[in-house]
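Please open the structure in your viewer and keep the selection tool at hand. The tour begins with the chain as a whole and then turns to single places along it.

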Amino acid sequence: MNGNKQSSFILKGDVIYSISANEMRTVPSGYVVCVKGKSRGVFEKLPQKYERLPLHDHSGKLIIPGLVDLHIHAPQYAFRGTGMDLELMEWLQQQTFPEESKYADLEYARKAYQIFADSMKKSATTHACIFATRHSQATEVLMDLMEQSGIVSYVGKVNMDREAPDPLRESSADASAADTRQWLAHVNGKYKRTMPILTPRFIPCCTPELLEQLHEIQTIYDLPVQSHLSENPNEVDFVRQLCPKSAFYGDAYDAFGLFGVNHQSGKPVKTIMAHCVYSTEEEIRRMKDNRVFVAHCPASNANLASGIAPIRKYLSLGIPTGLGSDVAGGHTESIFRAICDAVQVSKLYWRLIDQNQSPLTFCEAFFLATKGGGSFFGRAGSFEPDYDFSAVVLDDSLIPHPMKLSLPQRLERAAYGSLDLYGICAKYVSGDLIYEK
């Protein structure tokens with residue numbers, strides 16, 4: 001169901017959401033109040049001043065904040081679940097680049113992106129940071145469809161002027177930058193919930209000349225930035241060869257003001273770096289100092305034989321961190337799956353790599369999937385007052401059991417039971433009902 005919009009209303013049900021990485025708030029038979037698209041909080045007893053608002057009764061069902069995907073590739077959705085026996089660099093050459101080349105064909109792009117947008121709409125994700133391809137017209141098609149889906153998203157036209165096959169490699173840094181400026185001119189002010197984000201694919205695909213021009217574009221438009229960082233050993237070695245003067249991988253971005261801080265203006269640059277599996281201590285310090293967001297993509301890091309990111313370390317240092325599905329390195333857009341994967345791989349990190357880095361708890365992983373990643377969008381991922389009102393209603397009676405469970409236990413079982421794939425009753429984004437079953 002789409003288009004049934006009520007910006008002020010009440011949801012009643014069993015409410016659970018994160019206050020911090022280590023604290024969940026649970027309100028059985030609680031009331032979540034939305035006024036003009038913003039949360040007014042969760043109440044055990046409905047305050048009198050809200051009694052006249054429409055009430056949507058979901059008694060017995062779970063109500064959680066919408067989930068946040070900090071890293072997903074829309075054009076790769078078409079081949080998700082294939083090529084999973086390859087390592088990153090081979091996978092890019094054999095799977096990713098041939099598929100992304102097809103998006104020069106707008107008819108194909110429209111068909112593929114419609115499938116992606118429809119799937120995202122029906123998922124538990126309400127906020128997403130999305131890579132498109134280097135094709136500006138196809139990227140605009142994707143932005144149109146994401147706007148229609150109702151989801152809040154950042155969408156990026158990818159920049160890549162080296163180390164790619166001819167159909168994908170842009171002819172020069174000047175051509176890539178000019179195409180990016182034209183794309184930004186077309187989409188500027190066009191959407192309510194879909195925003196542009198600067199997207200140098202990763203250092204191997206971007207010449208210094210291109211990064212310099214992207215820095216100029218970032219300065220003019222004050223855009224956020226998304227890219228990849230220290231994902232795979234072969235990739236890290238390649239960056240070292242390409243950028244011998246850079247102290248570490250992230251330094252190659254930071255030299256052009258694309259790593260959390262615009263050094264020319266001194267202004268912060270809202271930045272997401274996906275993976276961060278092999279970040280050095282020096283790189284981690286720079287990430288912390290520059291307030292760079294980490295998008296943790298556990299399924300992708302396992303599927304492409306990259307490794308395990310030290311997420312406990314990032315949390316301990318206060319580095320802003322969220323989860324990414326990283327389709328199609330990750331094989332599903334489910335952020336519930338990412339929550340479970342994050343817990344599982346953290347156990348392997350603790351057991352096999354560093355026993356001083358304790359595994360993630362489910363509470364912490366749920367925080368990363370909601371309020372942690374949501375902070376990239378401002379106030380999102382929680383039901384605390386003045387947060388964007390985005391919510392998912394789940395019918396966990398579809399997972400029958402004989403026990404009396406607490407709300408956190410019900411939520412954990414819902415995540416591990418993939419309830420988001422079949423048990424979503426309703427989904428709200430910024431106060432609008434965008435999907436109902």
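Select the charged side chains of this predicted model, and you will have 45 positive and 50 negative charges in the protein chain, whose mean positions lie 8 Å apart. Switching to the surface view, you see a protein chain that exposes about 16,900 Å², of which carbon and sulfur atoms supply 49%.

Next, show the C-alpha trace, which spans about 60 × 50 × 45 Å along its principal axes. The radius of gyration of the protein chain is 21 Å, and this agrees with the value near 22 Å that a compact globule of 437 residues would have. Of these 437 residues, 62% count as buried, and among contacts with a separation of 6 or more, 75% are between residues 24 or more positions apart. In a cartoon view, look for 13 helices and 20 strands.

Now move to single residues, bearing in mind that most residues other than glycine have a negative phi, and that most peptide bonds are trans.

Select S230, in the loop between strand 12 (225-229) and helix 6 (233-242), where phi is positive, near 45 degrees. Is S230 buried or exposed? With a relative accessible area of 2%, S230 is buried.

Go on to A305, in the loop between helix 9 (298-303) and helix 10 (311-317), which also has a positive phi, near 55 degrees; A305 is partly exposed, with a relative accessible area of 48%.

Finally, select V327 and A328, which are joined by a cis peptide bond with omega about 10 degrees; A328 lies in the loop between strand 17 (321-323) and helix 11 (335-352).

Key: Residues are numbered from 1 along each chain as its sequence is written. This is a predicted model: local features need pLDDT of at least 70, side-chain atom pairs count only at pLDDT 80 or more; totals for chains, interfaces and linings use all residues. Side-chain values use heavy atoms; hydrogens and water are left out. Helices (H or I, at least four residues) and strands (E, at least two) are DSSP runs, numbered from the N terminus. The radius of gyration is taken over C-alpha atoms; the globule rule is 2.2 Å times the number of residues to the power 0.38. Buried means under 20% relative accessible area, exposed over 50%, partly exposed in between (1.4 Å probe, protein chains only). Contact means heavy atoms within 4.5 Å. Accessible areas come from the Shrake-Rupley method with a 1.4 Å probe; for residues, only the protein chains shown count as cover. Lys and Arg count as positive and Asp and Glu as negative; His and the chain ends are not counted. The place of a charge is taken as NZ of Lys, CZ of Arg, CG of Asp or CD of Glu.
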